[in-house]
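Here is a structure to explore step by step. Have the model open as you read, and follow along from one spot to the next.

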Amino acid sequence: MDPSPVLHQGWGYGLIIGLGVLFAVIMIIVTWSLKRYNYELQTSEMFTTAGRSLKSGLVAASVVSTWTWAATLLQSSAVAYRYGVSGPFWYASGATVQIILFATLAIELKRRAPNAHTFLEVVKARYGPVTHGVYIVFCCFCNILVTAMLLTGGSAVIENLTGAPVAATVFLFPLGVVAYTLFGGIKATFITDYINALVIILIIFLFAFTVYASNDILGSPGKLWEILTELAKERPLEGNAGGSYLTMRSQGGAEFFVINIVGNFGTVFLDNGYYNKAISASPIDALPGYVMGGISWFAVPWLTATTMGLAGLALEKYDVWPTYPNRLTSAEVSAGLVLPNAAVALLGQGGAVATLFLAFMAIMSTYSSELIAVSSIVTYDIYKTYINPSATGKQLMRINYIGMVCFALFMAGFSTALYYIGISMGYLYVMMGVIISSAVLPATLTLLWSDQSWAAATFAPILGFIASVTAWLVRTKIRYGELTVDTTGSNDPMLVGNVVSLLSPCVFIPILTYLPPFKPQKYDWLSMKNIRKVDDHDIADAAHVDLERIPGAITPPEIDEAGEQAKLAKAAKISRWLTIGLTLALLVLWPMPMFGSAYIFSKKFFTGWVVVGIIWLFASAGMVIFLPVIESRSTIARTTRMMFQDLLGLGKRKATAVEGQAVEEIGPGTESPPPEKLAETVGVKKAD
């Protein structure tokens, strides 16, 4: 077939620029509306924490969208193509447990440091500036690797489908994302995450029903099973039980599973973006939000890869396959091109357009989260901590903007360099654990274990990093005799490096905590509670808005702190048992019997496997699409009503009673006047 791109370059540029501008305009309108009708002025606190009041449904939608990287869709389909039906499950289970386990850490963060803006502030409060600096480096490494994967994977798909050069797309793509994030802050990421989750789930349904119901060549799970069974006879898959593509017993799949689970611990537990989302959630919504998000997300890579990865294997023997009669090369698979080629084979140009939207949505949501993560580190952990401790809200907002723009420019250049030296999304995905996972355990124990010493928290990540890189490169040299992109990126050396990175702190932490001259810290958790919110009076005064009316801007004195802590303590106990149970189910109880027995799926079993995946995605849609609307229905209705009243000129100002005091209700479309003016207008007297 003609190897030229399926779509014109204009599709690539139009999608990148057009959708970016569209989302920027939407967020400008949303930000204006929230200020006008809900008093959500864009202060430094609101920009970073969204008022610490988000509900569980929106948190779950944001987790699903943010955790759905380009790699989630592209890499999961690639491992299905490489290892058969086991690949999608190992990808999904190996990356779901981190989100579920993180729910426990989210609750502890809310308990220990209710006013924190970043996780790194907690590290500074407990261990001081040296340890703080170590974790700033590891967290920034995490954000850089994740963003590089987004840009390299997304740009490869756009180039494959439209011919738009990578060097152009990695610089153009951030424009729209940076624009809407600058306007809306973390609230913008939550709102766009919801839209992205909706579009991603709908496109996955499109692919699934095409493969399993309407396609002329496939059209049912049974037909796909028959083609894959025949393929195993023609071209047995080495390392799989019986050479079958329809078994969980896969040596390559199992190796990838270990690499996947280790690497993803680092990209969740060290990504400040996930802590930002936990901080933004209301105390009672953090746990259900993360648990629902993790459970909902499982269906995304599982069904996507089971559909598109296996369809790719089945269709490449037919002339509808874009590269027919040639198979995809190893480099093309690593670049994530299985899914776009399968989409084109199934739906032609429509499949290419759907893939572009899928990739764009997957990249945009996570990229926005990474921008907020890095800008909050620059603002609160570097500028406010070491440069200007008395910074005003306006100054912090300015640093947020500068940090975001600088990071976007750096990542565009860095991703371009990676492309030209031959480092693909797949390589970065399996390497990330080697680089960052040594900091996972000491970072987690910072919130969970009072005995971890300063030396353990400071030096265990560094020693683990040295050990993991050494093990990775030595294993590569011993196994292959040379160090190249291909040899260092193979499963065996990456497996060794990832395992050493995650587990070596298990040795270093006890030694650096209990072996003399070191000793346990016996931390009392008090300094974390001393972290304070930023005083944003300067921004509120300039906008003539009463700071007390801005959600989450100040902590009301009537809040029952003891009662809130009791609720969080109860949630912490529930989260521990719940996360342990779900983790065992996804990693042991479900897959291991099939792995151990080397069971090869029958036609009926494979059909049931697919049906469960589709039903699971429907359940995910309920949690991340419908639940947020139900939870926010009163706010949506009130805001919509006030907007229509504004449009029709029906807005009125009237006096109402609020909590026993006569105050003036601000009519639709008006801003809150300064407190003294409000008191003069309504006649409210200060309490004695």
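Let's begin in helix α6, where F119, L120, E121, V122, V123, R126 and Y127 are buried. Buried means under 20% relative accessible area, exposed means over 50%, and partly exposed is in between, using a 1.4 Å probe and protein chains only. Helices here are DSSP runs of H or I with at least four residues, strands are E runs of at least two, and both are numbered from the N terminus. Because seven of the nine residues of α6 (residues 119–127) are buried, the helix is largely enclosed by the rest of the structure. Just after α6 comes G128, which takes a positive phi of about 95 degrees.

A quick word on what you're looking at: this is a predicted model, where local features need pLDDT of at least 70 and side-chain atom pairs count only at pLDDT 80 or more, while totals for chains, interfaces and linings use all residues. Residues are numbered from 1 along each chain as its sequence is written, and side-chain values use heavy atoms, leaving out hydrogens and water.

Now for the aromatic rings. Rings of Phe, Tyr and Trp (its six-membered ring) pair if their centres lie within 6.5 Å; planes under 30 degrees apart count as stacked, over 60 as edge-to-face and the rest as tilted. Searching the whole structure turns up 44 aromatic pairs. One of them joins F102 and F269 edge-to-face, at 5.7 Å centre to centre and 90 degrees between the planes. F102 sits in helix α5 (residues 86–112) and F269 in helix α10, so this pair ties together parts that are 167 residues apart in sequence.

Another phenylalanine to find is F205, in helix α8 (residues 166–214). With 10% relative accessibility, F205 counts as buried. Contact means heavy atoms within 4.5 Å, and, not counting residues up to four places away in sequence, F205 touches I614, L617 and F618.

T476 counts as buried because its relative accessibility is 0%. Setting aside neighbours within four places in sequence, T476 is in contact with G481, E482, L483, T487, T488 and P493. From T476 to P493 is 17 residues along the chain, and their C-alpha atoms are 5.3 Å apart.

What about the cysteines? A disulfide is a pair of cysteine sulfur atoms within 2.5 Å, and the structure holds zero of them. For C142, the nearest cysteine sulfur is that of C139, 6.9 Å away. C142 is buried, with a relative accessible area of 0%, whereas C506 is partly exposed at 43%.
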